[in-house]
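Subject: Structure handover

Hello,

Here is the structure for your files. My notes on it follow below.

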Amino acid sequence: IKLVKERLNRKLEISGIILTMFDGRKNICKDVAQKVEEFFKEKAFKTRIRDNVKLAEAPSYGQPVILYAPRSHGSLDYQKLAKEVLSHA
């Protein structure tokens, strides 16, 4: 980010940090989430995108997950994230 700001776009700003492929059962995921929240503070979105097979399958069918599997965890997580992003705008 620093390099891009210096060379290409001095006005570049991070809107937020999104945790993806999150599995709350795994200590590594919980540890990473904690570190991200500590380092980025308010830049870290609260919504976490859970690891979900439907997210991986959707592109193979040429569809976004919201159409391919609208009630899947991945789709619901991204919908929740969209609402969170819009509430910060």
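The largest nonpolar core has seven residues: Ile 17, Leu 19, Phe 22, Cys 29, Ala 33, Val 36 and Ala 44. A nonpolar core here is a set of buried Ala, Val, Leu, Ile, Met, Phe, Trp, Tyr and Cys residues joined through side-chain atoms within 4.5 Å. Buried means under 20% relative accessible area, exposed over 50%, and partly exposed in between (1.4 Å probe, protein chains only). Strand β1 (17–22) and helix α2 (27–40) each supply at least two residues of this core. In soluble globular proteins, nonpolar side chains tend to be buried together.

This is a predicted model: local features need pLDDT of at least 70, side-chain atom pairs count only at pLDDT 80 or more, and totals for chains, interfaces and linings use all residues. Residues are numbered from 1 along each chain as its sequence is written, and side-chain values use heavy atoms, with hydrogens and water left out.

Ile 17 touches Val 36, Phe 40, Lys 43, Ala 44 and Phe 45, not counting residues up to four places away in sequence. Contact means heavy atoms within 4.5 Å.

Now the overall fold. The chain has five helices and two strands, in the order α-β-α-β-α-α-α. Its radius of gyration is 15 Å, well over the 12 Å that the globule rule gives for 89 residues, so the chain is more spread out than a compact globule. The radius is taken over C-alpha atoms, and the rule is 2.2 Å times the number of residues to the power 0.38. Helices (H or I, at least four residues) and strands (E, at least two) are DSSP runs, numbered from the N terminus. The C-alpha trace spans about 40 × 30 × 25 Å along its principal axes. Buried residues make up 24% of the 89.

Met 21 is at about 55 degrees. It lies in strand β1 and counts as exposed, at 61% relative accessibility. For Lys 41, phi is near 50 degrees. Lys 41 sits in the loop between α2 and β2 (44–50) and is exposed, with a relative accessible area of 52%.

Last, Leu 12. This residue is in the loop between α1 (2–7) and β1. Leu 12 is partly exposed, at 29% relative accessible area. Leaving aside neighbours within four places in sequence, Leu 12 contacts Ile 1, Val 4 and Lys 5. Its C-alpha atom is 25 Å from that of Gln 34, 22 residues apart along the chain.

Best wishes
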